[in-house]
Amino acid sequence: MRATGRVLAAALAVGLLAGGCGAGSSSSSSSSGSSGPAGAASSDAAGAVESSTPAPPGVTPLEPLPAAVPAGLAPYYAQRLDWQSCDGGFECTAFRVPLDYDRPGDGDLTLVAARATAVPAGSGSGSAEGAGGGRLGSLLLNPGGPGGSAVEYLEAAARTYDSGVRARYDLVGLDPRGVGRSNPVTCLSGARMDAYTAVDLTPGDQHGIDALIAADKEFAEGCRQRAGAALGHLGTVEAARDMDVLRALLGDERLNYVGKSYGTFLGATYAGLFPGRVGRLVLDGAVDPSLDSVTGNRTQAGGFETAWAAFAKDCAKHEDCPLGRTEQQIGDQLTALLATVQAHPLPSTDHGRRLTAAQATTGVIQAMYADFLWPKLRTALTDAKAGDGTGLLRLSDSYYGREADGSYPNLMFANTAVNCLDLPAPFAGPEDVQRAVPDFEQASPHFGRDMAWMALACTYWPVRATGTAHTIRAAGAAPIVVVGTTRDPATPYAWAQALAGQLESGRLLTYDGDGHTAYGHHDACVDGVVNRYLLAGEAPEPGRRCAR
């Protein structure tokens, strides 16, 4: 996501169940966790080296094609990738990038990428449209978050991609710095994360506010102690520059890319820095980079409210809907249920854990990401009304990526670390949150208050933000396809409209439907338009819409 605080823009488990092209991540179970790759050897740099002054984020491009390597970076661009078998049929590699691109002598980070090499036409499932023809190079994938592992996403989703795309591209997942297998940032133990997820997000008195502040400070201090100097270099601009290093090492003149959710911000940032190196970019579930953090969080709250209204309308049609028979009744009863849980946390079958109101709200939010989760939410709400919090707790755990053994992946740690670097904190302290709550509640009566307080996390972050809100034009870039879903909860449709309008070559594809992101979710219209673009370079005409 782009909004700061605890809210993610995507859930990898949701996306994979929906067909392999969903965004973000809330589960790390797709990877076998087997052998890591060998390090990448570096060779002597070839060609001229010219100096280059890094541009402000997303505003002025760095080096259009043809370009010499900026001063000090030649050894990174001259590495040779050593691909080795890993994780049951994939190839993995590692390569070095500078910790600080402005000061490449200050140390390195090692990043890990995985690859599914192009599959000959006719050997896989899906449409073979465009399968005839030569190899088109590499197609980088990012599932969003920030914090979603692109390596795990690739390994879970590669075989579900359209066979024409798989026949002509090597699919590549690069874990961004601080994520997955690429120097992952960690902050809290599993037990402390359990406590963190349970903290009240709607404090009604000073005691509650103090408890929330203490939890956010503990989280931030844990990240500072464990991540060290890297914590100040996990921003999206650095991650975009890392992608350019990998593009060069893969031998691709231009970057081809599918980014979901936060991955759209990563892709758009790349386009802003390297417009001449843009190949075929698909930005699905778009983030608006021009929004400040307060506006971003508030509009995201509105997106979840829109998704809740769609759920309530659908729930009212089902006999097993536990909250009423009209949208108003369903909304009122949700509010009443959350108030009950606030006063008396519910027992669960999970080793004595109790469901708090914060976790109950998170569980509802998790189910907004995809309409195929709505039946599970109806069941969880039915059980909660009967005094059993297990179903909502499991949805909340899925959102955070909690494993059955009580451990957590680095998803939420990286999410906060990247978001708090990319934008200044929305609020200077709890007084600012209290003043903002009415506006948040107007945008989202059911989730606004929680999401306002969630955003307090960055207030106590130990590293100053390095980015600011800005527009991205990517002047001179090839056509870029932006996909927006009209009732997307985490990346509201207005964000896709805004990003497509900012990008000089942006082409908006609208999906009139529910859920987070659209490509790969079994809509023939969306998939057909995107696949034609990836395979033939045919960007959709202005105003193109797909309806469910």
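Rings of Phe, Tyr and Trp (its six-membered ring) form a pair if their centres lie within 6.5 Å; planes under 30 degrees apart count as stacked, over 60 as edge-to-face and the rest as tilted. By this rule the count here comes to 12 aromatic pairs.

The model is predicted, so to speak of local features a pLDDT of at least 70 is needed, side-chain atom pairs count only at pLDDT 80 or more, and totals for chains, interfaces and linings use all residues. Residues are numbered from 1 along each chain as its sequence is written, and side-chain values use heavy atoms, leaving out hydrogens and water.

**Exercise 1.** Classify the pair of F219 and W461.

*Step 1.* The ring centres are 6.4 Å apart and the planes stand at 40 degrees, so this pair is tilted.

*Step 2.* Now place the residues: F219 lies in helix α6 (residues 206–227), and W461 in the loop between α16 (448–454) and β14 (480–487), so the pair ties together parts 242 residues apart in sequence. Helices (H or I, at least four residues) and strands (E, at least two) are DSSP runs, numbered from the N terminus.

*Step 3.* Y196, F219, F413 and W461 form one aromatic cluster.

**Exercise 2.** Decide whether F219 and W461 are buried.

*Step 1.* Buried means under 20% relative accessible area, exposed over 50%, partly exposed in between (1.4 Å probe, protein chains only).

*Step 2.* F219, at 1% relative accessibility, counts as buried, and W461 counts as buried at 10%.

**Exercise 3.** Classify the pair of F311 and W374.

*Step 1.* With centres 5.8 Å apart and planes at 80 degrees, the pair is edge-to-face.

*Step 2.* Both F311 and W374 are buried.
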